[in-house]
Amino acid sequence: MVFNREDRRRYRDKVRRCLDVFAQLLRESRFEFDRPRAGLEIELNLVDDRGEPAMKNAEVLAAIAEPDWATELGQFNVEINVMPESLEGDGPVRLEKVVRDRLNHAEERARTVGGHLMMVGILPTLQEQDVHEGTLSANPRYKLLNEQIFQARGEDLHLAIHGEEALETYADSITPEAACTSLQLHLQVSPQAFAAHWNAAQVIAGPQVAVAANSPFLFGRRLWQETRIPLFEQATDTRPVELKAQGVRPRVWFGERWITSVFDLFEENARYFPALLPMCEDADPREELARGVTPELGELTLHNGTVYRWNRPVYAVVDDTPHLRVENRVLPAGPSVADAAANAVFYYGLMRVLPHAERPVWTRMSFAAAADNLHAAARHGLEARLYWPGLGEVAAAELILRRLLPLAYEGLDLWGVDPGPRDRLLGIIERRCVTGRTGANWQIDTVNALGDLDRHEALRRMTLRYIEHMHTNEPVHTWPSP
């Protein structure tokens with residue numbers, strides 16, 4: 001598909017019209033907000049019997065044949081969307097069981113076509129030759145997105161990540177982005193409470209990543225504890241060097257300020273980012289609103305989907321009623337379903353308390369400090385030093401143990417979560433902090449113990465051990481040391 005200047009002008013005009021209608025919807029309080037539920041998406045990798053990438057998501061999805069499963073960017077990716085569950089009572093137990101049952105069924109079906117599922121931030125056995133335009137998923141939208149990003153850049157992508165080892169390479173497609181597989185958490189909020197919830201999610205992004213790091217290897221090199229963060233930022237960057245130097249905003253974006261309304265985020269999208277997919281729908285949102293129909297705001301939501309915020313605002317219409325959600329995107333997938341459930345309830349517990357504080361934490365720290373926390377946590381994991389008001393710079397594990405876990409316990413009590421699942425899942429977060437054992441550290445220790453082998457063979461064997469432990473559903477801090 002080729003977009004012309006008229007397409008882009010019409011799309012810009014339509015996005016602006018959608019913004020006007022969105023502002024009207026916010027003023028008139030048309031949004032539904034009931035007791036929030038916990039919804040999530042998990043992106044997974046596909047491997048063969050040897051633990052190597054398996055480029056067969058089409059075959060695996062055909063074998064699974066369930067509507068809640070979908071393609072992702074690479075042929076070695078799939079994604080499951082888990083319907084929201086209430087957190088009340090044994091809600092976390094129900095959520096964990098639903099995820100576990102779905103993944104077990106999917107694994108059984110994947111095996112019939114020679115594939116296996118792996119929940120991890122970056123597939124350790126992935127090599128540079130595995131990520132090129134030919135391994136993009138067949139969905140035409142991915143090909144179109146790839147074309148538009150490279151048209152905007154005008155040159156190959158430069159990947160440069162310096163950690164324990166260094167990676168410097170170029171890519172001629174956005175397929176390296178497919179290496180990033182995440183756990184995405186959704187929380188429905190009211191328009192009035194949205195800004196406080198988004199600000200709170202930004203504040204805790206660093207601690208979340210520190211305690212959940214699970215992506216230490218990329219293309220055979222040991223880089224950051226959560227290499228997924230810098231990789232995603234670079235793999236979808238539409239800016240050549242000169243535009244970066246001019247201060248043009250990146251499309252994978254933490255942001256640059258605390259907000260006072262959800263409108264701020266959608267307005268920033270329109271103000272700072274040119275359209276990648278300028279496709280207009282026939283519907284006129286003003287006319288729909290005048291007829292009493294809740295507009296989908298298709299152009300506004302499409303544009304929002306091409307700005308990859310770590311905490312993304314989501315507007316959706318369900319049964320002719322608009323909803324708002326915060327989509328938390330900082331977490332890697334895995335290592336086990338128990339670990340993923342623990343990461344989720346830690347987030348949801350904090351999000352029940354921090355947005356409602358009398359003196360919110362974001363009023364006592366700079367936005368830049370929250371952004372710095374995210375990157376320090378991605379680089380160093382639990383050993384990162386993070387800034388927190390009243391504590392100054394403190395080790396991530398200490399911050400979580402001293403300040404954040406008590407708040408998460410309080411938040412889950414306010415949600416009405418039963419003490420049993422609350423204590424078990426937050427206990428997983430606590431033990432990771434005490435032992436220093438995250439998914440990333442387990443991977444590193446296991447590969448180091450296989451040091452007599454060449455790096456790829458060590459990564460392959462580690463991957464097979466990881467998958468074996470993943471299926472026990474025991475949390476990673478209990479996995480045997482190599």
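Two strands pair if DSSP finds at least two bridges between them, and strands here are DSSP runs of at least two residues (E), helices of at least four (H or I), both numbered from the N terminus. The model you are looking at is predicted, so local features need pLDDT of at least 70, side-chain atom pairs count only at pLDDT 80 or more, and totals for chains, interfaces and linings use all residues. Residues are numbered from 1 along each chain as its sequence is written.

Let's start at strand E7, residues 182–189. With 8 of its 8 residues buried, E7 is largely enclosed by the rest of the structure; buried means under 20% relative accessible area (1.4 Å probe, protein chains only). One side carries Ser182, Gln184, His186 and Gln188, the other Leu183, Leu185, Leu187 and Val189. E7 runs antiparallel to E1 (residues 38–47), joined by 5 bridges, and antiparallel to E13 (residues 321–332), joined by 7.

Now follow E7 to the largest pocket, whose lining takes at least two residues from each of several elements, including E1, E7 and E13. A pocket is an open set of points on a 1 Å grid over the protein atoms alone, where a 1.4 Å probe fits, with protein on both sides within 12 Å along at least five of seven lines; lining residues have an atom within 4 Å of a point. Of its 44 lining residues, Glu41, Gln184, His186, Arg312 and Glu327 lie nearest the centre.

Key:
Heavy atoms only, no water. Buried < 20%, exposed > 50% of the residue type's maximum accessible area, 1.4 Å probe, protein only.
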